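Hi everyone, thanks for coming. Let me put the structure up on the screen, and then I'll talk you through it.

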Amino acid sequence: MTSSAKPTDAADQALDAALRGLHREVLAEPLPAGLRESAQRLARLQQQTASTRHWGGMAAGVLLAFSVGWLSHGQLGGRLDNSAAAQTAKVEREFVRQAGFAYAAYMPEKRHPVEVAAPEQEHLVQWLSKRLGRPLKIPQLDAQGFELVGGRLLPGEGGARAQFMFQNSQAQRITLYLGAMAPAAANADNQSTQFRFEPDGPVPSFYWVEQGFGYALSGPVSKATLMALADAVYSQIH
Amino acid sequence: MSQQSLVEHIPGLRRYARALTADAWAADDLVQDTLERACSRWRLWLAGTDLRAWLFTVMHNLFISEVRQLQRRPDWGRTVDVDAVAHELQAPEGAPGSLIDLQRCLMQLPLNQRSVLLLVTLEDMSYAEVAKVTGVPVGTVMSRLARAREHMRALMDAPAQLAQPAQPLLRVLK
C-alpha cells in the first residue's frame, strides 16, 4: 500500500473526480462577516505566538537584564564553562517541560484535580514537605484573584515533585510545580536565580532555579500576568 | 506562518463542512465554532505542526461531539428524508442534478466513512493526514475509505427509489 489515498480503479477515480466538484463554488465565495472576524482574531493570536517564538531569544536577554532584581544573593556567580552551562540549560528545560505536562494532565480534571484539597492545607504542606525533603510554603495568590485548589505529589528526575493548583473566578487554572533538580543543574545553579519564560509546550511557564530546587509557574494567561504571579510567588516563598 | 495561510484554509473548511452536513447554515456555524475553539486552544497548537490538519482536527472533533449531543435528544432517530429537504441542499444555480444526487448519496454513508471520503477527495489528504484528523489508525482510514467508495458506487448505481435509505438515516444507538 502506498501512502497516497488516490484510487487506481477507474470507477473510483470517476467518483473522486465527481466529489472534487462538489460545492466547489464555496471556495470562491467571499467569507461571511462573522467568519472573517473570527479568522482575523485567530490570525492575530497566531502572529503573536509566532513573534513570541521569533523574539524569544531577545526576550530572554531583556529578561536577564530585569532578572538582576531577582538575584537572591545579588550576584551572578562564577562563570560556568560552556558544557556545564549547556547541561544545566538542558536539565532546566526538561524540568519546565515536565511542569507543562503535569499542568496539561491535571488542569482539565473536574473531580480529581488535586490529591489533597485546600481545606486540608496544613496536612498538604506537611506531607509534601516531608516527601520533597525541605520545608515548603504555599504562596497566597488571593490578591491576584487565584485561590488554592490543592496539591499533589508527582515523580521527577531529581526526586519527588509537588504541584500546587490555583484557580480564579473564571475557572482559569495555574500551577506551581516544584522540586529538586537533577544534579547537573542543582550543582551549577546554586548561586543565581533567573526568571525564564517558556512560551512553548502545552502552556506558557515562568521558571527559576534556586539552591538546587526548581520552580515553574504555568498557566494560560498573558505573559505579563504570569510574570506578576511569579513575582508574588517568589517574594512569598523566599 | 503568515496570516494569509490561515485565511486560505477557511474556504476549504467551509466546503468540507457543507459536504459533511448538506446544510449551508449548519456548515458555517460549524466553521464559526471551529474558529472560536481554535482561538481558545491556540496554545495547544504546536509550532511546526500542520495548520490545516490542526484546523480540520478541531472541526472534526466538534462535529463528532455535536452529533453525539444530537443523539442524546429524545427526537433522535426520526428519519430525515433527504429528498424532502433536497431544496435545502443549497445547490448553486443551475447545478447539475448529479451533484445534488452526489450529496444525497453522501448523506447515506455512515459519518466515519463520509468524513474520510471527503477529506481524501475535497482536501486531497493522504491516509496519514486523514488518520491524524480523525484520530484513528491508518489501517482504519484505509478500510473506511474503501467501504465508503464501494458504498457510494452502489448508492449511485442504484435506481432512485433504491437510493432511499434502506435503513433510517439517523438511527437510535442503543
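Some ground rules before we start. Residues are numbered from 1 along each chain as its sequence is written, and chains are lettered from A and ligands numbered from 1 in the order in which they are written. This is a predicted model, and local features need pLDDT of at least 70, side-chain atom pairs count only at pLDDT 80 or more, while totals for chains, interfaces and linings use all residues.

Okay, chain B. Its secondary structure comes to seven helices and zero strands. When I say helix, I mean a DSSP run of H or I with at least four residues; a strand is a run of E with at least two, and both are numbered from the N terminus. Read from the N terminus on, the elements of chain B go α-α-α-α-α-α-α.

How much of chain B is buried? Of its 174 residues, 33% are. Buried here means 20 or more other C-beta atoms within 10 Å of the residue's own, exposed means 12 or fewer, and partly exposed is in between, with the C-beta atoms placed from the backbone. I'll also say "in contact" a lot: that's two residues whose C-beta atoms, placed from the backbone, lie within 7 Å. Among contacts in chain B between residues at least 6 apart in sequence, 67% join residues at least 24 apart.

Now the cores. A nonpolar core is a set of buried Ala, Val, Leu, Ile, Met, Phe, Trp, Tyr and Cys residues joined through C-beta atoms within 7 Å. The largest one has 45 residues, and Leu119(B) and Val130(B) have the most contacts inside it. Its largest share, seven residues, comes from helix 1 of chain B, residues 3–21. Apart from this core lies another, of 39 residues, including Phe95(A), Phe146(A), Ala182(A) and Leu217(A).

Let's zoom in on Leu119(B). If we leave aside its neighbours within four places in sequence, Leu119(B) touches Phe56(B), Met125(B), Val130(B) and Val133(B). Leu119(B) is also one of the buried residues in helix 5 of chain B. Helix 5 runs over residues 111–122, and at 1.5 Å a residue it should span 16 Å; its end C-alpha atoms are 16 Å apart, which agrees. The expected span is 1.5 Å times one less than the number of residues. Following the helix is Asp124(B), with a positive phi near 60°.

Next, a helix pair. Two packed helices are described by the angle between their axes and the distance between the axes. Helix 2 (residues 24–40) and helix 3 (residues 51–71) of chain B pack at about 115°, with axes 9 Å apart. Axes are lines fitted to C-alpha atoms, for helices over the stretch in contact, and angles run from 0 to 180 degrees between N-to-C directions. Who meets whom? On the helix 2 side we have Leu30(B), Asp33(B), Thr34(B), Arg37(B) and Ala38(B), and they meet Leu55(B), Val58(B), Met59(B), Leu62(B) and Phe63(B) in helix 3 of chain B. The residues of that contact divide into seven nonpolar, one polar and two charged. For that count, Ala, Val, Leu, Ile, Met, Phe, Trp, Tyr, Cys and Pro are nonpolar, Asp, Glu, Lys and Arg are charged, and the others, Gly among them, are polar.

So where do the chains touch? The contact takes 37 residues from chain A and 40 residues from chain B. On the chain A side, the elements giving two or more residues are helix 1 (10–20), helix 2 (24–28) and helix 3 (33–54). Helix 3 of chain A gives the largest share, 13 residues. That side divides into 21 nonpolar, nine polar and seven charged residues.

Last stop: two loop residues. His23(A) sits in the loop between helix 1 and helix 2 of chain A, and its phi is positive, near 55°, in a residue other than glycine. Is His23(A) buried or exposed? It counts as buried, because it has 27 C-beta neighbours inside 10 Å. In chain B, Ala22(B) is found in the loop between helix 1 and helix 2. Ala22(B) isn't a glycine either, yet it has a positive phi of about 60°. With 22 C-beta neighbours inside 10 Å, Ala22(B) counts as buried.
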